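Hello,

Here is the structure I promised to pass on. Please take a look, then read my notes below.

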Amino acid sequence: MISIMKSGKQGIQTTDTIKPGCWVHLIDPDAGEIERVGREAGVPAEMITSALDIHELPRVEHDKNRLMVILRVAHLIDQPDDVPYTAMPLGVIASEGVVVS
């Protein structure tokens, strides 16, 4: 799923186009969404797919005009367990006026 948001005079609004100043939020993206965001936001597909790897370790990476930060954040699991949380990666990529998470 892809959500694209941009701040405007009436607050944060959703949009269909990726352009400078927008935030692109991906949840479990398919190959077409990864390809589109990579092409339109100028982000290599490898950066996007890194954050999708459940075993990805926290790190900071940069090249040219892009910065990627991968964190591990707590995620509540629905199953009753001794520890009700697990850790999962969260990636944030800043690229030429576009933020991708």
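How many residues does the hairpin use to join β1 to β2? Two. Keep in mind that this is a predicted model.

Start with that pair of strands. Strand β1 covers residues 2–8, and strand β2 covers residues 11–15. They run antiparallel, and five bridges join them. Within this pairing, Met5 stands opposite Thr14 in β2.

Next, Arg66. This residue lies in strand β5, which spans residues 66–76. Is Arg66 buried or exposed? Arg66 counts as buried, because its relative accessibility is 14% and the cut-off for buried is under 20%. The side chain of Arg66 has a polar atom 2.9 Å from the backbone oxygen of Gly42.

Then Val92. Look for this residue in strand β6, residues 85–95. Val92 has a relative accessible area of 33%. That makes Val92 partly exposed, because the value falls between the 20% and 50% limits. Which residues does Val92 contact, leaving aside neighbours within four places in sequence? They are Leu67, Met68, Val69, Val99, Val100 and Ser101.

One distance to finish. Val92 and Lys6 are 86 residues apart along the chain. Their C-alpha atoms are separated by 16 Å.

Best wishes

Note on methods
Residues are numbered from 1 along each chain as its sequence is written. This is a predicted model: local features need pLDDT of at least 70, side-chain atom pairs count only at pLDDT 80 or more; totals for chains, interfaces and linings use all residues. Side-chain values use heavy atoms; hydrogens and water are left out. Helices (H or I, at least four residues) and strands (E, at least two) are DSSP runs, numbered from the N terminus. Buried means under 20% relative accessible area, exposed over 50%, partly exposed in between (1.4 Å probe, protein chains only). Contact means heavy atoms within 4.5 Å. Two strands pair if DSSP finds at least two bridges between them. A polar contact is a pair of N or O atoms within 3.5 Å; within protein, one must be able to donate a hydrogen and the other to accept it, and residues adjacent in sequence count only if both atoms are side-chain atoms.
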